[in-house]
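This report describes the contacts, cores and confidence of one protein model. Please consult the sequence and the structure shown below while reading.

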Amino acid sequence: MQAPSPDATTALVEHYLPAPPGVTTLGPSTVTLVTIQFEYTDDLPAAVRKWEQLGFVRVGAGGDALPGQADRSRFPEEAAAVGASLVVSAAAPAPAQAVYLAPGSPQAREAGRAVRASGSTTCELREPLPAASAHLGPEIHEAARILLDDTQDLQARAAQWEKAGFARLGSSDAVIKNNQMDFSHILAHTAFAVGATLVAFQMTPAKLRSIRRLADGRIDMDAVQPAQLSPGGSSVIQAAFFAPMSREARTAAEASSMAMYVPTAAGTNLPAG
């Protein structure tokens, strides 16, 4: 996930209204993310040979199973568990089978960056990477876990989070284009910037000419005229930012909410994925 540009977060930050000081809260959990590259192929042996010629080595035993019995989505997690950074997998409908590889040297890693693979995925590293001397491990990134809660009734959802042990830190609203695909990233980065762990938000497609701000800086939702959701249209995003008052509240929320990740070091981007 790439960090949004500073201009992208201006509207939310500019119109952020902090709540009155309240109880002591906790910040977001800090996690380690691991990036695993993958390639789907109709010729598994040939694809593995290609990577080996670049200086990659096989790591672990690899996965294989009868059709319908394997979960291909688990291949990246299994690769990380053995310290691999690449999954070469037989493409469906072939039996689910994978070979895990890792670069044997920094030169191999650089050569691998130039290869057009099927893609990459970023996931949380649940266990420490195994020690390795014959190859390089996957790339890791420290990040903050920010929870996102998309709702159609922000007021009711805010009350639910407060009942669940969260305190509201503030609120914000903004007007976005409906085709602005990275808005969830903007919400996550804004939450991190204001010290929030969770952001609940509501999206209301609206006629642009009906949107105006009140004297206190908020958008006058009573004056907003609803519109059909269309790629070329606009919407009002209302967001409320929360932080947990206990570790138990944070843990419970993490188990039930969608997470985004924000780099903990300023100016550091996470990998795409």
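Leaving aside residues up to four places away in sequence, L148 touches S184, L187, A188, V199, F201, S257, M258 and M260, a contact being heavy atoms within 4.5 Å. The model is predicted: local features need pLDDT of at least 70 and side-chain atom pairs count only at pLDDT 80 or more, while totals for chains, interfaces and linings use all residues. Residues are numbered from 1 along each chain as its sequence is written, and side-chain values use heavy atoms, with hydrogens and water left out.

L148 also belongs to the largest nonpolar core, which has 21 residues; L148, F183, L187, V199 and F241 have the most contacts inside it. Such a core is a set of buried Ala, Val, Leu, Ile, Met, Phe, Trp, Tyr and Cys residues joined through side-chain atoms within 4.5 Å. Buried means under 20% relative accessible area, exposed over 50%, and partly exposed in between (1.4 Å probe, protein chains only). Two or more residues of this core come from each of β8 (140–150), β9 (166–177), α6 (183–193), β10 (198–206), β11 (234–244) and β12 (258–263). Helices (H or I, at least four residues) and strands (E, at least two) are DSSP runs, numbered from the N terminus. Helix α6 supplies the largest share of the core, five residues. Another core, of 15 residues, lies apart from it and has F75, A79, A84 and A98 among its members.

Helix α2 (residues 44–53) has L44, A47, V48 and W51 buried. These residues lie on the same side of α2, because they cover an arc of only 100 degrees around the axis; the arc is that of the directions from the helix axis to the C-beta atoms. An α-helix has 3.6 residues a turn, so residues three or four places apart point the same way. The cover over the buried residues of α2 includes β2 (30–41), β3 (56–58), β5 (86–90), β6 (97–103) and α4 (106–113). At the N-terminal end, D43 caps α2, with a side-chain oxygen 3.2 Å from the backbone nitrogen of A46. After α2 comes G55, whose phi is positive, near 105 degrees.

Five aromatic pairs are found in a search of the whole structure. Rings of Phe, Tyr and Trp (its six-membered ring) pair if their centres lie within 6.5 Å; planes under 30 degrees apart count as stacked, over 60 as edge-to-face and the rest as tilted. Two of the pairs are listed here.

| Pair | Centre to centre | Angle between planes |
|---|---|---|
| Y16 and F241 | 5.7 Å | 70 degrees, edge-to-face |
| W161 and F166 | 5.2 Å | 65 degrees, edge-to-face |

Because Y16 lies in the loop between α1 (10–14) and β1 (17–18) and F241 in strand β11, their pair ties together parts that are 225 residues apart in sequence. Y16 and F241 are both buried, and W161 and F166 are buried as well.

How far can the model be read? The protein has a mean pLDDT of 86, with 89% of its residues at 70 or more; pLDDT is the predictor's confidence in each residue, from 0 to 100. Among the elements, helix α5 (residues 154–163) has the highest mean pLDDT (97) and strand β4 (residues 63–64) the lowest (46). The pLDDT is below 50 over residues 63–69, a stretch with 10 contacts in the model beyond near neighbours in sequence. Where pLDDT is low, the predicted coordinates should not be read in detail.

Terms used
A polar contact is a pair of N or O atoms within 3.5 Å; within protein, one must be able to donate a hydrogen and the other to accept it, and residues adjacent in sequence count only if both atoms are side-chain atoms.
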